[in-house]
Amino acid sequence: MQPNETRIDRVIRMELYFDTISRAVQSGMGLLLSDPLLQAMLDALTAYYENGQWQADYEADEQGELPSELKRGVLSQDGVYNLLFEIEHRKAIYRGGTMRRKNMGAKAILYPMPVLIIGSYDENGIPNAMNAAWGGISEKTQISICVSEDHKTMSNILARKAFTVSIANAENVVAADYVGVVSGNKEPDKIAKTGWTTVKSDNVDAPLFEELPLALECKLICYDEATCRLVGEIVNVCADERILTDGKVDLSKFRPITYDPVNHDYLALGEKVGKAFSDGLKLK
Ligand SMILES: Cc1cc2nc3c(=O)[nH]c(=O)nc-3n(C[C@H](O)[C@H](O)[C@H](O)COP(=O)(O)O)c2cc1C
């Protein structure tokens, strides 16, 4: 308590602290934890609540000793308690949140990572396939994939200026992994080993695999050896009827897989947890 401060002055002062701190909490814990003035107000409010003065003022108010026009949200039952509790809780999250994070360094970790099967022909028309996780849509009808220049796939694409990108699914996980661990440079029978049936795309000079039900047919736009970035124009997407419901891709039939780059696992994509362009509108 300040020297010569009356009960009313004290309530006015604590009301000011209560309001100011409540507003600061709403704008994030960073401000509250870094501003010395706010910290001093919080210390004073905490002391006021814990040393019995709040209780005395609360009871005086209950007895009708405080003027009715006095603003005194600070004396509302549970008001200060709830605020102090909320601050402790948020502090734990704020501090704990940064401390509990583990830095993993500069790595290619992203979720979900695709399992792209790149199909290509060599100069002699021999089909090949490789597994690629480092890729994604980079423009409305453009795909970018990081493909090492020493892969058979890359020399094929440069020769034929085209490729297909099928999305691996749970049914094909073994063969999909196989084409990621064996190179067509060393295994001329690579596709025969997968058991996949090859058909030429109608739209580009590259093979489709009948067992893989969804594929992007792409023409080469460019390849940069320094960054290994392959960019393709998606000229068509074709999907096998067996994975469609009412003409649309049905994930429960398709069962695409994702690659977990930390544990090196393949996981089936499945559960629907929200509606895009819609759920977020609730917060608008
Ligand atoms: C899960 C997984 C993801 C892969 N992602 C890529 C990738 O994004 N880029 C790449 O150049 N190689 C990647 N690879 C390695 C190639 O698929 C592998 O070297 C393959 O044998 C190349 O085949 P090819 O020489 O017949 O073209 C990946 C392999 C696996 C198993």
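How many helices and strands are there in the chain? There are nine helices and 14 strands, where helices (H or I, at least four residues) and strands (E, at least two) are DSSP runs numbered from the N terminus. This is a predicted model, in which local features need pLDDT of at least 70, side-chain atom pairs count only at pLDDT 80 or more, and totals for chains, interfaces and linings use all residues. Residues are numbered from 1 along each chain as its sequence is written.

The radius of gyration, taken over C-alpha atoms, is 32 Å, whereas a compact globule of 284 residues would have a value near 19 Å. That globule rule is 2.2 Å times the number of residues to the power 0.38. Along the principal axes, the C-alpha atoms fill a box of roughly 100 × 45 × 30 Å.

Of the 284 residues, 26% are buried (20 or more other C-beta atoms within 10 Å of the residue's own, with C-beta atoms placed from the backbone). Nonpolar cores are sets of buried Ala, Val, Leu, Ile, Met, Phe, Trp, Tyr and Cys residues joined through C-beta atoms within 7 Å.

| Core | Size | Residues included |
|---|---|---|
| Largest | 35 residues | L116, I117, I118 and V165 |
| Second, separate | 15 residues | V11, M14, M41 and L45 |

In the largest core, L116, I117, I118 and V165 have the most contacts inside it. Beyond its neighbours within four places in sequence, I118 is in contact with A129, M130, A132, I145, T153, F163 and V165 (C-beta atoms, placed from the backbone, within 7 Å).

Key. Buried ≥ 20, exposed ≤ 12 C-beta atoms within 10 Å, placed from the backbone. Contact = placed C-beta atoms within 7 Å.
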